[in-house]
Amino acid sequence: MFLGEVHNEIEKGRAKGQSPADVVSKLRKQIVDRHEGAHLLDEWDPNQQIYKQFFSRLGNTTRQYREALTSYLFHGEVNAMIGELRYGQPMMAIDRLLSLAELARSRQKQNAELDEQQSAALWVSDTLVALLNQGWAERVGMKIVSGLGRLDQVKSQLYLLGQPENGGDIRALADALMREHSNERGR
């Protein structure tokens, strides 16, 4: 579905005299802008939550410092990925999230270390699927067949979230993800 969306955007661009490379470059820039914009929201947070958490975890050892920094980077990436879902083009945000999560799962199978962005993608995608599994699936039009594994059905229909008619639902899910993340961060 995502590639179909890109194809449509390329065709629209051609009608306006834009090259496919220019259209794809613009789409990529939009994704990066949304992600980095969400990092800026952390910077501008009047309560400075992410920084307070970082400083509260700092200790007197190298290990404590590294743990605090890893936590800070992980939570910042989670915030940015949720921001992509909340403020970005839904299909692109879903595709990017699922691609990063799949890369992370592949690296896990190889017993390779995950960076903070990969760990964050796993957390966001797993939490998103859990929320959908708790009743949101039907709300966004997922077809759930009784007798089959519900979780697998939800995972296979995640791209429905990128449909224009689900824009309000994906923003509501992003808000629910942020609440889950706030609860997680508080532990």
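Which helix gives the most to the lining of the largest cavity? Select α5: with four residues, α5 gives the most. Before moving on, note that this is a predicted model, where local features need pLDDT of at least 70, side-chain atom pairs count only at pLDDT 80 or more, and totals for chains, interfaces and linings use all residues. Residues are numbered from 1 along each chain as its sequence is written, and side-chain values use heavy atoms, with hydrogens and water left out.

**Stop one: the cavity.** A cavity is a set of points, on a 1 Å grid over the protein atoms alone, where a 1.4 Å probe fits but cannot get out; lining residues have an atom within 4 Å of a point. Searching the whole structure turns up one cavity of 30 Å³ or more. Now select Met 81, Glu 84, Leu 85, Ala 93, Arg 96, Leu 97 and Leu 100, which line the largest cavity. Color them by type and you get five nonpolar, no polar and two charged. Both α4 (62-87) and α5 (90-109) supply at least two residues each.

**Stop two: a pocket.** A pocket is an open set of points with protein on both sides within 12 Å along at least five of seven lines. The second largest pocket holds about 200 Å³ of space. Select Ala 38, Leu 41, Asp 42, Asn 79 and Met 178: of the 13 lining residues, these are the closest to its centre. Next, show α2 (20-44), α3 (49-57), α4 and α8 (167-185), the elements giving two or more residues to this lining. Here α4 gives the most, with five residues.

Notes: Grid points are joined across faces, edges and corners, and a volume is the space filled by probe spheres set on the points. Ala, Val, Leu, Ile, Met, Phe, Trp, Tyr, Cys and Pro count as nonpolar, Asp, Glu, Lys and Arg as charged, and the others, Gly among them, as polar.
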